[in-house]
Amino acid sequence: MKRKKVLALTLAAAMTLSLAGCGSSDSSSADTSSTETATQTEETATEEAAAEETAEAGELSYSSITLGEDYTDLTTTIKFIHHKTDREEDGTIADLISAFNEVYPNITVETEGVTDYAEDSLLRLSTGDWGDIMFIPAVDKADLSTYFYPIDTLSNLSEEINFADIWEYDGISYGVPYMANAQGVLYNKAVFEEAGITELPTTPTEFLEALQLIKDNTDAIPLYTNYAAGWTMGAWDAYIGVVSDGDDTYLNQKLVHTANPFDDPGDDTGIYNLYRILYDAVANGLIEDDYTTTDWEGCKGMLNNGEIGTMVLGSWAYAQMVEAGDHGEDVGYMPFPMTVDGTQYALAGGDYSYAININSSDDNKAAAMVFIKWMTEESGWCYFEGGYAVDKDGENPDMYAAFDGATVLSDQPALDGEADYLNQMNSESELSFNAGGNSKVQAIVEAADTGSESLDDIMADWTAAWNAAQEELGIEVLY
């Protein structure tokens with residue numbers, strides 16, 4: 001099987017300072033003249049046409065490359081910066097490059113794992129001098145063409161990979177996910193068995209009951225918040241939309257137009273009940289004793305050996321938990337406990353995405369494109385990291401067996417002309433859903449622990465901020 005070619009032995013052995021702007025100015029501003037608007041429209045159309053011409057030229061695009069045939073004589077050195085410091089240290093990435101060089105011996109790939117990637121990558125991006133390949137940080141999609149070379153047209157790339165639209169703007173894709181995630185919950189099977197949990201919970205109420213059983217019948221921490229790390233708390237945002245209401249158009253098309261998205265629908269679904277799980281777990285003592293001292297690295301072994309019952313994280317974390325101790329067989333991954341009209345939904349989407357520096361030389365752009373395609377289609381990295389398949393011909397790991405009864409969807413892109421709306425709303429409201437808004441989730445933990453605010457109070461605060469942002473930005477309320 002192609003997915004397993006390179007890493008079968010490798011991993012068995014090894015096994016926002018924000019540059020993201022608020023988007024373009026409001027096109028409905030009363031003082032924008034028709035002449036200015038027409039000029040801007042013409043300029044935008046010219047830029048888009050130029051980008052599409054570049055992507056469709058056939059000289060260099062993802063879909064135009066045949067691996068093992070094209071650019072095999074190319075001699076150059078490229079640099080790849082990334083956040084996978086663990087795979088840099090354990091030799092996995094070096095082994096991948098060695099395998100790549102068996103096909104492309106004259107392309108030298110230098111790599112650098114960056115610890116504080118989210119912030120550091122943005123700083124480097126602003127200089128333009130960061131190398132040739134990077135994982136795209138939190139930039140505004142409107143700025144993609146400023147920093148990155150087009151990977152391909154969306155229509156072409158969609159024929160080759162899944163999740164081609166994750167970094168798409170105006171029909172051009174600028175990134176290829178190095179892996180994809182299905183969003184669910186990590187759990188320890190042995191802890192569940194000891195607690196007396198015989199079926200995986202499928203609703204927030206059932207999940208909270210399961211956490212209580214873990215507390216009552218085992219010595220394990222029912223739900224580990226990972227509060228202290230900060231960035232880990234942002235995982236909760238990933239369940240907005242597909243998972244919490246079964247609608248793949250909600251996050252990117254409807255949320256910005258919704259008047260009261262944080263109200264309780266009364267049926268154990270929606271954003272309210274998503275965060276109710278966290279609030280009630282804290283309020284009922286179903287988390288670690290001191291959430292301010294959680295340890296991201298240490299928790300991996302704790303979940304592996306049964307000291308932790310559950311953690312809310314994307315499937316990218318599964319492989320790390322399995323490798324963290326002697327009880328990898330006890331690590332499980334299940335769909336998030338939410339059921340909409342009798343159906344559980346799981347969100348699958350791209351993780352960090354490879355992108356090519358717009359300022360790289362022509363040779364380095366070609367070498368970078370070849371490397372990205374080889375990593376996606378031949379390396380097997382996604383599979384052995386527990387990733388949901390990016391390559392159209394890829395397979396999903398056995399860890400997703402619990403998802404067999406769930407409907408797996410991906411978030412649909414924003415409507416035409418509204419690509420920047422969610423970015424603008426996130427910035428104006430300061431809620432930053434799926435954009436580094438970790439502090440608002442940490443605030444839920446703090447409020448539940450101290451009793452300073454009820455969940456209803458928190459959701460009311462969010463609604464007020466959301467509505468004020470809609471009014472300030474002139475975004476029409478439709479729902």
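Tutor: One term before we start: a residue is buried when its relative accessible area is under 20%. Also, this is a predicted model.
Student: Okay, so is Pro 150 buried or exposed?
Tutor: Pro 150 has a relative accessible area of 6%, so it is buried.
Student: Where does Pro 150 sit?
Tutor: In the loop between strand S4 (148-149) and strand S5 (152-153). The C-alpha atoms of Pro 150 and Ile 356 are 7.9 Å apart, yet 206 residues separate the two along the chain.
Student: Zooming out, how many helices and strands are there in the protein chain?
Tutor: The chain has 19 helices and 17 strands. It has 479 residues, and 53% of them count as buried.
Student: What about the accessible surface of the chain?
Tutor: That is about 19700 Å², and carbon and sulfur atoms account for 43% of it.
Student: Now strand S13. How many of its residues are buried?
Tutor: 5 of the 5, residues 331-335, so S13 is largely enclosed by the rest of the structure.
Student: Which strand does S13 pair with over 5 bridges?
Tutor: Strand S10, residues 184-188, and the sense is antiparallel.
Student: Switching topic: which residues form the negative surface patch?
Tutor: Asp 263, Asp 264, Asp 267, Asp 341, Asp 456, Asp 457 and Asp 461.
Student: Where is Asp 264 found?
Tutor: In the loop between helix H11 (250-254) and helix H12 (270-283). Its relative accessibility is 41%, so Asp 264 counts as partly exposed.

How values were computed
Residues numbered from 1 in each chain as written. Predicted model: local features only at pLDDT ≥ 70, side-chain atom pairs only at ≥ 80, totals over all residues. Heavy atoms only, no water. Patch = residues over 30% accessible without salt bridge, like charges linked within 9 Å, V, L, I, M, F, W, Y side chains within 5 Å. Areas by Shrake-Rupley, 256 points an atom, 1.4 Å probe, with all protein chains shown as cover. Salt bridge = Lys/Arg side-chain N within 4 Å of Asp/Glu carboxyl O. Lys, Arg positive; Asp, Glu negative; His and termini not counted. Charge placed at Lys NZ, Arg CZ, Asp CG, Glu CD. Helix = DSSP H or I, 4+ residues; strand = E, 2+ residues; numbered from the N terminus. Buried < 20%, exposed > 50% of the residue type's maximum accessible area, 1.4 Å probe, protein only. Pairing = 2+ DSSP bridges.
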